[in-house]
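Please open the model in your viewer and keep the selection tool at hand.

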Amino acid sequence: MNRHWLMKSEPDEASIDHLAQAPQQTLPWTGVRNYQARNFMRDAMRAGDGVLFYHSSCPQPGIAGLAQVVGDVRPDPTQFDAESPYFDPKSSRDAPRWLLRDVQLLRKTRLLSLAEMRAAPTLASLQVLQRGNRLSITPVTPAEWQAVLALLDA
DNA sequence: GCCAACGTTGGC
DNA sequence: GCCAACGTTGGC
């Protein structure tokens with residue numbers, strides 16, 4: 001049984017439309033610079049896992065589409081790029097500190113707004129809704145995934 | 001821009 | 001290992 005995840009992206013940087021227009025409708029999930037989120041990608045994610053694509057830090061935060069993890073975990077190339085905002089001078093190609101996963105669109109959805117998520121009793125346990133949560137990648141239970149699908153169909 | 005919450009850093 | 005200071009996140 002595949003796992004499920006919620007992954008936050010700032011739409012200015014990588015929106016659901018960017019994902020839809022990318023080759024193979026797939027984007028590398030660059031820029032994760034938090035160890036807990038990195039460890040999820042490294043240790044727990046598998047190809048085929050479901051992804052709730054969440055728009056954050058924007059006028060209308062919420063779930064904008066469904067995606068899946070494809071391929072294997074690999075080094076995030078932006079950590080080696082001195083021109084990138086994600087450059088990490090403490091990392092090296094011999095011992096990359098930061099990793100990424102590739103994410104492929106399953107389908108765009110209507111925007112399931114943060115307000116609607118908060119109002120849904122079936123999503124009360126969702127980690128991203130908990131007070132003080134800041135992780136950009138969080139696990140989603142099968143029940144929560146089904147609850148999101150149900151809300152999207154409603 | 002504000003602010004709560006959390007993560008990271010670095011001196012000791 | 002402690003902990004204060006600082007930086008970041010992200011909704012509002």
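Begin with DNA strand B: of its atoms within 4 Å of the protein in this predicted model, 77% belong to sugar or phosphate and the rest to bases. Next, select Tyr35, Lys90, Arg131, Gly132 and Arg134, the residues around DNA strand B; a residue is near a strand if one of its heavy atoms lies within 4 Å of it. By class, this surface has one nonpolar, one polar and three charged residues. Here Ala, Val, Leu, Ile, Met, Phe, Trp, Tyr, Cys and Pro count as nonpolar, Asp, Glu, Lys and Arg as charged, and the others, Gly among them, as polar.

Residues are numbered from 1 along each chain as its sequence is written, while chains are lettered from A and ligands numbered from 1 in the order in which they are written. Because the model is predicted, local features need pLDDT of at least 70, side-chain atom pairs count only at pLDDT 80 or more, and totals for chains, interfaces and linings use all residues; side-chain values use heavy atoms, with hydrogens and water left out.

The next stop concerns charge pairs. Side chains of opposite charge can pair when their charged atoms come close. How many salt bridges does the structure hold? There are six, a salt bridge being a side-chain nitrogen of Lys or Arg within 4 Å of a carboxyl oxygen of Asp or Glu.

Select Asp76 and Arg33, whose closest N and O atoms are 3.0 Å apart in a salt bridge. Asp76 lies in the loop between β4 (62–75) and β5 (99–113) and Arg33 in the loop between β2 (26–28) and α3 (35–44), so the pair ties together parts 43 residues apart in sequence. Helices (H or I, at least four residues) and strands (E, at least two) are DSSP runs, numbered from the N terminus. Is Asp76 buried or exposed? Asp76 is buried, at 0% relative accessible area, whereas Arg33 is partly exposed at 27%. Buried means under 20% relative accessible area, exposed over 50%, and partly exposed in between (1.4 Å probe, protein chains only).

Move on to Arg74 and Asp102, another salt bridge, with the closest N and O atoms 2.8 Å apart. Arg74 in strand β4 and Asp102 in strand β5 are 28 residues apart, and the pair links distant parts of the chain.
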